Amino acid sequence: MSDAVPEPQEAEEARPAYELAAPAPLDVPRAPTGNAEVDARLARLADADHLATDGHVEVYEDVHRGLRDALTALDARPGPPGPPPPHENRS
């Protein structure tokens with residue numbers, strides 16, 4: 001008895017012979033947000049238009065990381081000063 005698995009030759013022969021299409025822009029409109037850092041990250045999405053599908057992940061992860069960092073930076077900014085503490089009247 002052999003442990004070798006026979007190769008499915010029929011499945012390979014049944015595959016259609018075609019060439020993959022070249023990468024093409026998706027032409028998804030991106031409206032400016034008014035935040036230069038966010039707009040720059042969103043513009044980076046256009047880089048994926050010229051890559052094969054397996055290259056998209058790197059671009060998407062980079063954009064996601066940049067947008068996450070921009071949101072984190074918003075949390076780190078000091079806000080307006082809060083109200084003064086209540087005045088304690090000690091006698």
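Buried means under 20% relative accessible area, exposed means over 50%, and partly exposed lies in between. The exercises below concern a predicted model.

**Exercise 1.** Determine whether H56 is buried or exposed, and state where H56 lies.

*Solution.*
Step 1. H56 is located in helix 3.
Step 2. The relative accessibility of H56 is 16%.
Step 3. The cut-off for a buried residue is under 20%, so H56 counts as buried.

**Exercise 2.** Identify what the side chain of H56 reaches, and which residues H56 is in contact with once its neighbours within four places in sequence are left aside.

*Solution.*
Step 1. At 3.0 Å, the H56 side chain reaches the backbone oxygen of A48.
Step 2. With the neighbours within four places in sequence set aside, H56 is in contact with A48 and L51.

**Exercise 3.** Describe the salt bridge between R41 and D62, and explain which parts of the chain are tied together.

*Solution.*
Step 1. A salt bridge requires a side-chain nitrogen of Lys or Arg within 4 Å of a carboxyl oxygen of Asp or Glu.
Step 2. In the pair R41 and D62, the closest N and O atoms are 3.9 Å apart, and the two residues form a salt bridge.
Step 3. R41 belongs to helix 2 (residues 36-44) and D62 to helix 3 (residues 56-76), so this pair ties together parts that are 21 residues apart in sequence.
Step 4. R41 has 28% relative accessibility and counts as partly exposed, whereas D62, with a relative accessible area of 18%, is buried.

**Exercise 4.** Find which salt bridges R44 forms with D47 and with D62, and classify R44 and D47 by accessibility.

*Solution.*
Step 1. R44 forms a salt bridge with D47, in which the closest N and O atoms are 2.6 Å apart.
Step 2. D47 is partly exposed at 37% relative accessibility, and R44 is likewise partly exposed, with a relative accessible area of 25%.
Step 3. The side chain of R44 also meets that of D62 in a salt bridge, at 2.6 Å from N to O.
Step 4. This second pair links distant parts of the chain, since R44 is in helix 2 and D62 in helix 3, 18 residues apart.

**Exercise 5.** State how many salt bridges are counted, and which residues are joined into one network by shared partners.

*Solution.*
Step 1. The count comes to 4 salt bridges.
Step 2. Through salt bridges that share partners, R41, R44, D47, D62 and R65 are joined into one network.

Notes. Residues numbered from 1 in each chain as written. Predicted model: local features only at pLDDT ≥ 70, side-chain atom pairs only at ≥ 80, totals over all residues. Heavy atoms only, no water. Helix = DSSP H or I, 4+ residues; strand = E, 2+ residues; numbered from the N terminus. Buried < 20%, exposed > 50% of the residue type's maximum accessible area, 1.4 Å probe, protein only. Polar contact = N/O pair within 3.5 Å; in protein donor to acceptor, adjacent residues only side chain to side chain. Contact = heavy atoms within 4.5 Å.
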